[in-house]
Amino acid sequence: MKTLLFGHRVKQEDISYIEELVAVLEQEGYEIILHNKIADQIKEDYKLSDFERHPVIAKLDKKDLPDFCITLGGDGTILRAIMTIEDCGVPILGINLGRL
């Protein structure tokens, strides 16, 4: 199964949670795809080379959709994911890393 990790802003205190999430998904055999916004920030700001092995996308290919999307952030992140996914029918699981 393929899962898209989607986020807008990653804070330093969130990195350990993201690393643990990715480790569990990989252990369970999921293929992880990173949305370009979260990938750029993780790779550039936090220098996490472990994430370089995952493909990065800016737009969804409607011929090769993920099975589901995990958003990491707050309400705004979920709304951005909805706009990115549009009407593709990909379920979204939101993990709240926002301020509220």
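**Entry 1: a pair of strands to begin with**

I started at strands E4 and E5, which pair in the parallel sense over 5 bridges. Two strands count as paired if DSSP finds at least two bridges between them. The names come from DSSP runs numbered from the N terminus: helices are H or I runs of at least four residues, and strands are E runs of at least two. A reminder to myself: strands of a sheet pair through backbone hydrogen bonds, either parallel or antiparallel.

I noted what kind of model I have: it is predicted, local features need pLDDT of at least 70, side-chain atom pairs count only at pLDDT 80 or more, and totals for chains, interfaces and linings use all residues. Residues are numbered from 1 along each chain as its sequence is written, and side-chain values use heavy atoms, with hydrogens and water left out.

**Entry 2: the whole sheet**

In what order do the strands of the sheet lie? I read off E3-E2-E1-E4-E5, an open sheet of 5 strands with parallel pairing. The edges are E3 (56–57) and E5 (92–96), and each of these pairs on one side only.

Next I followed the pairings. E2 (residues 31–35) and E3 run parallel over 2 bridges, and Leu 34 has Val 56 of E3 as its bridge partner. E1 and E2 are joined by 4 bridges, again parallel, with Thr 3 partnered by Ile 32 in E2. To get from E1 to E2 the chain passes through H1, and this β-α-β crossover is right-handed. That word means that, with the strands pointing away from the viewer, the path from the first strand over the helix to the second runs clockwise. E4, helix H3 (residues 75–85) and E5 also make a right-handed β-α-β unit.

**Entry 3: E1 and E4, side by side**

E1 and E4 run parallel, joined by 5 bridges. I found Gly 7 partnered by Leu 72 in E4, and Leu 4 standing opposite Cys 69 in E4.

How many residues of E4 are buried? My note says 6 of its 6. Buried means under 20% relative accessible area, exposed means over 50%, and partly exposed lies in between (1.4 Å probe, protein chains only). From E4, Phe 68, Ile 70 and Leu 72 point one way and Cys 69, Thr 71 and Gly 73 the other.

E1 is mostly covered too, with 6 of its 6 residues buried. Here Lys 2, Leu 4 and Phe 6 point one way, while Thr 3, Leu 5 and Gly 7 point the other.

Is Lys 2 buried or exposed? Lys 2 has a relative accessible area of 14%, so it counts as buried. Its place is in strand E1. Leaving out residues up to four places away in sequence, Lys 2 touches Glu 31, Ile 33, Asp 64, Leu 65, Pro 66, Asp 67 and Phe 68; a contact means heavy atoms within 4.5 Å.

Glu 86 lies in the loop between H3 and E5. Its relative accessibility is 52%, so Glu 86 counts as exposed. I also jotted down its phi, near 55°, a positive value in a residue other than glycine.

**Entry 4: helix H2**

H2 (residues 36–45) lies across E1 (2–7), E2, E3 and E4 (68–73), and runs at about 90° to E2. The axes are lines fitted to C-alpha atoms, for helices over the stretch in contact, and angles run from 0 to 180 degrees between N-to-C directions.

Which residues of H2 are buried? I listed Ile 38, Ala 39, Gln 41 and Ile 42. Their cover includes E1, H1 (15–27), E2, E3 and E4.

**Entry 5: stepping back**

The protein chain has 3 helices and 5 strands, and from the N terminus on they run β-α-β-α-β-β-α-β. The radius of gyration is 13 Å, close to the 13 Å that the globule rule gives for 100 residues, so the chain is as compact as a globular protein of that length. This radius is taken over C-alpha atoms, and the rule is 2.2 Å times the number of residues to the power 0.38.

Of the 100 residues, 39% count as buried. Among contacts between residues at least 6 apart in sequence, 64% join residues at least 24 apart.
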